[in-house]
Amino acid sequence: MERAIMWIMAAGALIGGADRIFGNRLGLGRKFEEGFLLMGSTALSMAGIICLVPLLSKLLGALGAVLLKPLGVDPAMLAGVLAIDMGGYQLATQLAANPLVGRFSGIVVGAILGCTVTFTIPIGMGLLDADSRPDFARGILFGLISMPIALVLGGLVCGLGLGDALWQSLPVLLLSLVLLLGIWKRTDAMIRGFSVFATLIRILATLGLMLGAVTYMTGFELVPGLAPLSKAMEVVAAIAIVMLGSLPVAELMQRALKRPLSWMQRATGMNSASAAGLLIGMVSVLPAIALVKDMDRRGRIVNAAFMVCAASCFAAHLGFTAGVDATMLPSLLVSKLAGGALGAALALFATRKK
């Protein structure tokens, strides 16, 4: 399956690049450019964290030995709280006692839980107005309910047994429950907490980038034990190469699915912005969040529920996974799409009377 996906991305790169050569007549050349230009923002958010991975692995490894090993849970599962493209994958593989669990945590858990905790919730709650936040928070609740099922499915697809997938996901399931209760009971406090957490991640990323740059340019290690910045940039470059094709492919999908989106709008009673948000969110969560202000109430709840698992499935996360471990692509796609669909279905069912 991963080979087929990579061939599709390669075809997208050929089509997008050809359109750029001939003047962007189809609008796909611009998407080709956007995919490569995202390398800058991607490097800014994750390269510094990758540099710090050896130090973070020692800290979290000590915590994992105390908190998780007595329970038979791999310490790599601690890394799943960081997004897949913000150092979560590298940290999970460093901490893993079982390499398969490390890959599962770094890619599947990081792309769902990590992305939700470090990006979707803090960015969404920070950008939305006071009227939209309660609906967005309610949708996040439905997404968190679907998250455990998505993680178990991802574990099964990547080769973990059912018992292992359930047991290794135990810390994530407990954390999801805490988040669910917090958003339900203390929404404002959770917003502040996620904002602080996102700020700390940004500070760590910047520090790692600063220290890595000094070492690269002078050879002097201000903090010994950092991963080389040049190695971190290799990961970023691999992502950007896949993004050359993934954004044109996503644009073609959006055009091809215009009629089904119109049908979805009629069937669900959501407005056009709400229907479009579901598709856009699979490519990039940020523009989908920006659309929330134009959605009706049901659409806000359904889109937030969908984002928890499915955010950035066909662009950033697919590109990252293809760049570092293409064999995990089936697990990533099954978990994110199944979890997103379940979250959206739960939200639709819960809002049917409204």
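**Pockets and cysteines in the predicted model**

In this predicted model, the lining of the largest pocket draws at least two residues from each of helix H2 (28-67), helix H3 (84-95), helix H4 (99-127), helix H8 (187-218), helix H9 (229-256), helix H11 (272-283), helix H12 (285-291) and helix H14 (316-324). Helix H2 gives the most to this lining, with nine residues. The largest pocket holds about 1,200 Å³ of space and is lined by 42 residues. Lying nearest the centre of the largest pocket are Ser 41, Ser 45, Phe 119, Ser 284 and Leu 286. Sorted by class, the lining of the largest pocket comprises 25 nonpolar, twelve polar and five charged residues.

Turning to the second largest pocket, the space within amounts to about 250 Å³. Its lining consists of 15 residues, and Leu 56, Leu 60, Val 81, Leu 82 and Phe 197 are those nearest the centre. H2 and H8 each contribute at least two residues to the lining of the second largest pocket, with H2 providing the largest share, six residues. The class breakdown of this lining is 15 nonpolar, no polar and no charged residues.

The cysteines complete the picture. Zero disulfides were found in a search of the whole structure. For Cys 158, the closest cysteine sulfur belongs to Cys 309 and lies 16 Å away, so the two are too far apart for a bond; a disulfide requires sulfur atoms within 2.5 Å. Cys 158 has a relative accessible area of 16% and is therefore buried, the cut-off being under 20%. Cys 51 also counts as buried, because its relative accessibility is 0%.

How values were computed. Residues numbered from 1 in each chain as written. Predicted model: local features only at pLDDT ≥ 70, side-chain atom pairs only at ≥ 80, totals over all residues. Heavy atoms only, no water. Buried < 20%, exposed > 50% of the residue type's maximum accessible area, 1.4 Å probe, protein only. 1 Å grid on protein atoms, 1.4 Å probe; cavity = no way out; pocket = protein on both sides within 12 Å on 5 of 7 lines; lining within 4 Å. Points joined across faces, edges and corners; volume = space filled by probe spheres on them. Helix = DSSP H or I, 4+ residues; strand = E, 2+ residues; numbered from the N terminus. Nonpolar A, V, L, I, M, F, W, Y, C, P; charged D, E, K, R; others polar.
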